[in-house]
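Today I will go through the aromatic rings in this model. Please have the sequence and the structure open.

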Amino acid sequence: MTNGPTSSHGSSQSVDLGDPQLNQRVGAGVAAVEELLRTEITQGEDFVHEKALYLAEAGGKRFRPVMALLASEYGPEPGSARVVKAATSVEMVHVATLYHDDVMDEAERRRGVESANSRWGNSVAILAGDALLAHASRLMGQLDTHTVEHFAETFQTLVTGQMRETIGAGEANAIEHYRAVIEEKTAVLIASAGYLGAYHSGAAPEHAQALKRIGSAVGMIFQIVDDIIDIFSDPEESGKTPGTDLREGVFTLPVLYALEDDSPAGEQLRELLTGPLEDDATVERAIDLLRQSAGREKALDDVRYYLDQVDTELGRLPDNSATTALRQLATYTVKRVG
């Protein structure tokens, strides 16, 4: 299971948000985030910032900064310097978690390049992530104490999610455990981006809270959709090798639902999925059984549930071009499943 929406195929500056002026404002905001990101990280010793810049410059859609910039449209100062600083802080924390995740997962690739831990070893990768957290903390300190407190709570949630995933479900319900992990590991930073973008643009507190809840729901949608695509997508369309999570012994939502299936396919899956799947034939067999199960449809039911949450919260906001863009963003994510 990945740590939320990432990509090595360009930045969100090129995403059409449905309004030319909004596209221009958000594009300019993302460019300002990119500039501040590099300016901030390159402070200090070369041997530190070379490593800290590695994944920050390896691609990614900058989805969290885009979320912050869209949320800032609900205040009197959209895309302000404070919004850019907050958006940059969120992105730095996100990239820091990627370094740490790759060490824990023993990942070999990230964003289309060799992972930092593969290139320099675990110790350097962890320290590169720590360097990014230091830079993010400095930017937050330049904003206000409320932002620092907010991020302390956010980071505590991130650590809780990583710890929860590492320890495993134990006696807890596996599906509830999965939802808790992705809410804590993925959704919380997108929620934070929505909240801080609104807060630092001067938006009304009730609008900032609604955008926080929208960010969380969108994060849940993104992760579940990614997990569905990992199993059921056409590799020529998605560019992904089906069953990557299965090969790593990671059971995501569609698999967990399929394992509960009271059907021949569910029974065979329970016999087959006792750990990581090491050979292609077994992975293909598992995917075939998953297609016969109700796992995909039940996971999509969860996606629709979070999509309804987005619609409910958008109804609390003024009807402007950002509201339309956020609605399109959520529905587009669902359409990626095909």
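**Aromatic rings and their neighbours**

Tyr-54 is buried, at a relative accessible area of 14%; buried means under 20%, exposed over 50%, and partly exposed in between, with a 1.4 Å probe and protein chains only. This is a predicted model, where local features need pLDDT of at least 70, side-chain atom pairs count only at pLDDT 80 or more, and totals for chains, interfaces and linings use all residues. Residues are numbered from 1 along each chain as its sequence is written, and side-chain values use heavy atoms, with hydrogens and water left out.

Next, the pairs. Rings of Phe, Tyr and Trp (its six-membered ring) pair if their centres lie within 6.5 Å; planes under 30 degrees apart are stacked, over 60 edge-to-face, and the rest tilted. That rule gives 4 aromatic pairs. In one of them, Tyr-54 and Trp-120 have ring centres 4.9 Å apart and planes at 75°, so they are edge-to-face. Tyr-54 is in helix α2 (residues 46–56) and Trp-120 in helix α5 (residues 116–120), so the pair ties together parts 66 residues apart in sequence. Helices here are DSSP runs (H or I, at least four residues), numbered from the N terminus. Trp-120 is partly exposed, at 25% relative accessibility.

Another pair is Phe-63 and Phe-222: centres 4.7 Å apart, planes at 40°, so tilted. Phe-63 sits in helix α3 (residues 63–71) and Phe-222 in helix α9 (residues 205–232), 159 residues apart. Phe-63 is buried at 6%, and Phe-222 is buried at 10%.

Last, charges over rings: NZ of Lys or CZ of Arg within 6 Å of the ring centre and within 35 degrees of the ring normal. Lys-212 lies over the face of Tyr-195, 5.8 Å from the ring centre.

Notes
Helices (H or I, at least four residues) and strands (E, at least two) are DSSP runs, numbered from the N terminus.
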